Amino acid sequence: MPRGEITGYVDVAQVVLYAFWIFFAGLVFWIRREDRREGYPLEAEVTGTLKSPDPILIPTPKLFHLSDGKVKAAPQMDTKPDRNFVGHKREPWPGAPLEPGGNPMQDHIGPGSWVHRDDEHDHTFDGQKRIVPLRVATHFTVHEDGPNPIGMTVFGADRQVAGTVTDLWIDRGECMVRYYEVELGAGGRRVLMPHTFCRTGRFSRTVKSEALLASQFADIPGTKDPDSVTLLEEEKIMAYFGAGTLYATPNRQEALL
């Protein structure tokens, strides 16, 4: 037989090629199976219950040891599906859109949806609470060349006054502003407005948010601690502003022509 030939019909190059194809198919299957470890819907949409474990397409749970000593499993096969929204499906079949029930800003649907993250604080590598106001993170300051939003008037999407910025909340891990603390009226309630949902005017000396009307600032979810925010509280605040992008006014739900 010629060199490299195993039989009259099979040679070494052919075996190596077939072995590569089998390896590559296995690799693709393993990658597609692993990407179902997080974020993959394990909930039956119609019944609202967990689907039966699929030993082929869903990987077995893997334990992750976090820096705070907690252990998280992924996928979370034993977690009860969280249906915290208020509303109904337009059609009965899977994939049909949800419509809000009464108050779309509070119904947790679409851009206003949120999940139950841990109601605990995120921490920096040295154990400090990660997101705190400047009055706590005293070693941070606003650059003298940049506009300092503290003291600026906040306007809603309807160009009405919503409040005044009283402080900035800093992410000590990333060294950036996460929230503006807004006082609703003199001596009134203080709420957090995400930095990404507003625009600060250098020359107008005002802060504007297109997500909410001025009157809707009063319903921004609060924090238990006036000097820190938990992961769950952040989730609710961001969801409320997200809801405003679609539900702040009835016109926002219509098609843009």
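The C-alpha centres of domain 1 and domain 2 lie 55 Å apart. The domain assignment of the protein chain, automatic or from a database, places domain 1 at 5–35 and domain 2 at 118–253. The model is predicted, so local features need pLDDT of at least 70 and side-chain atom pairs count only at pLDDT 80 or more, while totals for chains, interfaces and linings use all residues. Residues are numbered from 1 along each chain as its sequence is written, and side-chain values use heavy atoms, with hydrogens and water left out.

Tryptophan 21 sits in helix α1, residues 12–34 (helices are DSSP runs of H or I with at least four residues, strands runs of E with at least two, numbered from the N terminus).

Turning to the strands, β1 (residues 62–65) and β2 (residues 71–74) pair in the antiparallel sense over 4 bridges, where pairing requires at least two DSSP bridges. Histidine 65 stands opposite valine 71 in β2. Between the strands of this hairpin there are 5 residues, and glycine 69 takes a positive phi near 95 degrees.
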